[in-house]
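Q: I would like a close look at a single part of this protein. Please treat it in one connected account, with the criteria behind each term.

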Amino acid sequence: MSRLISFHQENKIMFRSSDDPTPSRFHPTEADLVTYRDLARVLGAPPNEAICRYRGATGQHLVFIGESGQRDWARVDAQARARWPDLPSTGTTAVDGMVLESLPERIVYQILRSMALPDMEIDLHQPIMPDVGSEKADLTLRRRDAACFIEVIGCCGVNRITRNDHERRGLERFERREAFYRRVGITPVCIFLDLLARPEELKGLCRSLVERLSGDAEAG
């Protein structure tokens, strides 16, 4: 009987749920913390587990931790922040105090803001064509009468694979806006989640948008 009880207790430990009040056995490795730190610094905000999904092997264990529960993911940030106190804050509030609707939006907004010319503005969730419909762009980079509409799709990668109801609803909302863009003849810039896992490419895209808008405004 004692052997059976011991085996049962061992299994309780092995298969502990993330809601169990006892500490989780899923802890970040040194490599996990370094990956988290490096992404946080280059993106200007700590990543979530969804962004890590597109980092390949280096993000695999972070995704595993993130999907085990919020407490386990919070431990990653706490341990990284204890090592590197200068890491940017978590959440959706940008460094200039602007509150975005999601972490991916915050990341893209901050990068654009850091590159935008003094006479450029970034609108948040403003109507695309108010005289046609109420659909709103995530971000709109403007200079004079030129505009660049930007959609930040934080629910999936460019392959549009979703893994839960929350992500599916996010994709459905984007695809409604996408249909609106087609109807009015506008081609938005679409930034899917996998691009946020490649920060240098993301920054290169944002730089090209600023340069293109500057040229369009001058030509106009």
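What volume does the largest pocket have?

A: The largest pocket has a volume of about 620 Å³. The model is predicted, so local features need pLDDT of at least 70 and side-chain atom pairs count only at pLDDT 80 or more, while totals for chains, interfaces and linings use all residues. Residues are numbered from 1 along each chain as its sequence is written, and side-chain values use heavy atoms, with hydrogens and water left out.

A pocket is found on a 1 Å grid over the protein atoms alone, as an open set of points where a 1.4 Å probe fits, with protein on both sides within 12 Å along at least five of seven lines; lining residues have an atom within 4 Å of a point. Grid points are joined across faces, edges and corners, and the volume is the space filled by probe spheres set on the points.

The lining of the largest pocket comprises 25 residues, and S102, G154, C155, H166 and R173 lie nearest its centre. Two or more lining residues come from each of α3 (49-52), α6, β3 (146-153) and α7 (165-184). Here helices (H or I, at least four residues) and strands (E, at least two) are DSSP runs, numbered from the N terminus. Helix α7 gives the largest share, six residues. By class, the lining has seven nonpolar, seven polar and 11 charged residues. In this scheme Ala, Val, Leu, Ile, Met, Phe, Trp, Tyr, Cys and Pro count as nonpolar, Asp, Glu, Lys and Arg as charged, and the others, Gly among them, as polar.

One of the residues nearest the centre, S102, also caps the N-terminal end of α6, with a side-chain oxygen 3.2 Å from the backbone nitrogen of E105. Such a polar contact is a pair of N or O atoms within 3.5 Å; within protein, one must be able to donate a hydrogen and the other to accept it, and residues adjacent in sequence count only if both atoms are side-chain atoms. Helix α6 (residues 103-115) has 13 residues and reaches 19 Å from its first C-alpha to its last, close to the 18 Å expected at 1.5 Å a residue; the expected span is 1.5 Å times one less than the number of residues. Because 11 of its 13 residues are buried, α6 is largely enclosed by the rest of the structure. Buried means under 20% relative accessible area, exposed over 50%, and partly exposed in between (1.4 Å probe, protein chains only). Among the buried residues of α6 are E105, R106 and Y109.

Strand β3, another contributor to the lining, holds I150, which counts as buried because its relative accessibility is 1%. The C-alpha atoms of I150 and L139, 11 residues apart along the chain, are separated by 5.1 Å. Five bridges join β2 to β3, and these strands run antiparallel; two strands pair if DSSP finds at least two bridges between them. R142 stands opposite A147 in β3. In the hairpin of β2 and β3, which has two residues between the strands, R144 takes a positive phi near 55°. Four of the five residues of β2 are buried, so β2 is largely enclosed by the rest of the structure.
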